[in-house]
Amino acid sequence: GVCVFPTPYCKDSIQCCKSTERVEAQTTLFWVPLLCFMVCFMSFKLLAKWRKQRSNQDKEVGDSKAGGNESSTDRWKLLTGGLTGWRLYLFIAFMIFGIIATVMEGVIMPKSIQQNLTPTDRSAQLAMSSFLTPIGEIFAFLEDTMTVEVGYAVSAGNLSRLNLLLNVSVMGGVLSGLAAFILMLILCFTESSARTLLNPSESHNQILIDNGCDLIPTTSALLENARTYWILLSAAWIPSFACKGLQGFFIGTGYLPQYFIMMVFTGLVPIVVWFSLLSIYHENPSSALLKPPQILGIAYGAPAWIVAFFFFVFLWRQPELRRKYGLRPICFCFGGGGGSVGLT
């Protein structure tokens with residue numbers, strides 16, 4: 001997109017901001033991933049139909065070994081994660097909804113953000129995103145490896161190692177998320193570091209501001225609402241990192257609908273929260289408690305907490321699943337007196 005300032009009026013008006021023709025053309029391509037998914041889905045269904053016909057033919061011939069039939073069934077179960085009946089259709093439904101939600105979030109949100117954030121707030125939001133994204137990836141790196149480790153432990157049937165890895169993944173994710181969050185708090189409320197991160201060209205811009213160019217935002221203006229956005233997104237790292245191992249567990253055990261619910265929440269929650277709170281803000285902007293940058297922080301920070309709540313409540317409500325895989329919380333105590341407590 002592009003923001004044009006033909007007059008000083010545009011300093012505080014979002015009406016001067018619009019999308020270029022190139023950006024508008026790109027937003028019409030949201031159907032491409034949907035088309036790719038439908039091609040894969042139809043190929044998947046045709047393969048399943050062919051496998052079923054082949055299995056029926058093997059039965060009619062009366063193959064005593066039945067090796068070909070078992071092989072076809074095993075391959076089909078491998079492709080579907082072992083899901084059958086209504087669970088398979090639920091998995092397909094959540095997969096479709098997850099893809100649609102993700103695509104629509106990527107189409108709807110950027111355009112609405114551009115239209116509702118002032119140029120100053122938009123600059124602060126972009127500066128925060130460019131800084132928070134690599135920091136989050138650094139802290140999430142170790143937790144990403146735990147996702148693979150948990151999935152491997154499930155496939156290998158090593159239940160004792162699985163339970164240990166899940167406990168380490170959850171507790172380690174919380175600790176790494178807290179460490180990252182505390183680091184961001186320190187940088188956020190340290191004036192010198194916050195000014196440098198938000199406005200690295202402050203000295204050069206200050207010369208232009210002193211010469212009368214009031215279209216360039218000052219560092220104080222950038223920090224006014226950026227701190228709340230900064231804190232909300234950093235806090236979302238705690239539940240996000242804690243759920244990395246659980247994602248691997250759901251994939252490895254074939255609970256794919258629960259995994260794809262995460263995609264649905266990640267795509268739909270920002271849209272629902274953003275437009276709901278934004279409508280309240282537009283009713284009385286001058287006295288609104290939450291400003292658009294703060295609403296944006298809530299919209300993008302809430303999905304991680306909702307997904308974490310759903311994952312842990314699902315495990316808590318599934319005692320048979322916990323008993324099947326030997327899941328129980330482990331108390332890591334310093335001094336060698338560790339123990340564990342079973343879930344009831």
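1. At 3% relative accessibility, Ala 226 counts as buried, where buried means under 20% relative accessible area, exposed means over 50%, and partly exposed covers what lies in between (1.4 Å probe, protein chains only). Ala 226 has its place in helix H9, and helices here are DSSP runs of H or I with at least four residues, strands being runs of E with at least two, numbered from the N terminus. Although Ala 226 and Ala 124 are 102 residues apart in sequence, they are 6.0 Å apart in space, C-alpha to C-alpha.

2. A word on the origin of the values: this is a predicted model, in which local features need pLDDT of at least 70 and side-chain atom pairs count only at pLDDT 80 or more, while totals for chains, interfaces and linings use all residues. Residues are numbered from 1 along each chain as its sequence is written, and side-chain values use heavy atoms, with hydrogens and water left out.

3. Ala 226 also belongs to the lining of the largest cavity, together with Leu 117, Asp 121, Ala 124, Gln 125, Asn 225, Tyr 229, Pro 293 and Leu 296. A cavity is a set of points, on a 1 Å grid over the protein atoms alone, where a 1.4 Å probe fits but cannot get out; a pocket is an open set with protein on both sides within 12 Å along at least five of seven lines; and lining residues have an atom within 4 Å of a point. A search of the whole structure finds one cavity of 30 Å³ or more, and about 50 Å³ of space lies in the largest cavity, a volume being the space filled by probe spheres set on the grid points, which are joined across faces, edges and corners. H5, H9 and H13 are the elements that give two or more residues to the lining of the largest cavity.

4. The lining of the largest cavity divides into six nonpolar residues, two polar and one charged. In this scheme Ala, Val, Leu, Ile, Met, Phe, Trp, Tyr, Cys and Pro count as nonpolar, Asp, Glu, Lys and Arg as charged, and the others, Gly among them, as polar.

5. How much space lies in the largest pocket? The largest pocket holds about 780 Å³, and it is lined by 27 residues, of which Ala 236, Trp 237, Ser 240, Tyr 300 and Ala 304 lie nearest its centre. Among the elements that give two or more residues to this lining are helix H4 (85–116), helix H10 (237–242) and helix H11 (244–253), while the largest share, seven residues, comes from H5.

6. The largest nonpolar core has 34 residues, of which Leu 132, Met 184, Leu 198, Trp 230, Trp 237, Trp 274 and Leu 296 touch the most other members. Such a core is a set of buried Ala, Val, Leu, Ile, Met, Phe, Trp, Tyr and Cys residues joined through side-chain atoms within 4.5 Å. The elements that each supply at least two residues of this core include helix H6 (159–189) and helix H7 (191–198), and H5 gives the largest share, seven residues.

7. The structure holds nine aromatic pairs, in which rings of Phe, Tyr and Trp (its six-membered ring) have centres within 6.5 Å, with planes under 30 degrees apart counted as stacked, over 60 as edge-to-face and the rest as tilted. Phe 250 and Phe 314 form an edge-to-face pair, 5.7 Å centre to centre with 65 degrees between the planes, and this pair links distant parts of the chain, since Phe 250 is in helix H11 and Phe 314 in helix H13, 64 residues apart. Both Phe 250 and Phe 314 are buried.

8. Why is the pair of Phe 265 and Phe 310 edge-to-face? The ring centres of Phe 265 and Phe 310 are 6.0 Å apart and their planes stand at 75 degrees, so the pair is edge-to-face. Phe 265 is partly exposed, with a relative accessible area of 24%, and Phe 310 counts as partly exposed at 23%. Ring pairs link Phe 249, Phe 250, Phe 265, Phe 310, Phe 311, Phe 314 and Tyr 325 into a cluster.

9. Pro 257 lies in helix H12 and is buried, with a relative accessible area of 5%. Pro 257 and Met 95 are 162 residues apart in sequence and 7.5 Å apart in space, C-alpha to C-alpha.
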